Amino acid sequence: MDRHLEDNEITEILISGSNHVQGHNDEQNSYRGELAGILAAITYINSICHRYRITEGRCTMCCDYQGALKASFGVKQPTHQWASYDLVCSIRRQLQCSAPGQ
């Protein structure tokens, strides 16, 4: 059974967290920040699923920068020339861990 809450129905914060975006100061930008947030969310979801033996389900991920979503979930294989290649590859590895049967 799917249950969706409207914004005004949320009465308490169930999960809270923070994240540090790794990299040199010259590399920091909103794209890298979005990727780091996506990586943190997927890693956290994988941990919850592993801990509670959740083997199926889905989640919706949203962010302001569509390029980060396309890089993370798209069909193109990342190359070393991609901006924030390290984070994109880490996201792809975490996604492989979240596949059914993993």
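Helices (H or I, at least four residues) and strands (E, at least two) are DSSP runs, numbered from the N terminus. By that rule, the secondary structure of this protein comes to 3 helices and 0 strands, and the pattern along the sequence reads α-α-α. This is a predicted model, in which local features need pLDDT of at least 70 and side-chain atom pairs count only at pLDDT 80 or more, while totals for chains, interfaces and linings use all residues. Residues are numbered from 1 along each chain as its sequence is written, and side-chain values use heavy atoms, with hydrogens and water left out.

- Leaving aside residues up to four places away in sequence, I38 touches M61, C63, A68, L69, S72, F73 and I91, where contact means heavy atoms within 4.5 Å.

**How α1 and α3 pack**

- The two helices α1 and α3 pack at an angle of about 20°, with their axes 9 Å apart; axes are lines fitted to C-alpha atoms, for helices over the stretch in contact, and angles run from 0 to 180 degrees between N-to-C directions.
- Because angles under 35 degrees count as roughly parallel, α1 and α3 are therefore roughly parallel to each other.

Methods. Parallel < 35°, antiparallel > 145°, perpendicular 65-115°, else oblique.
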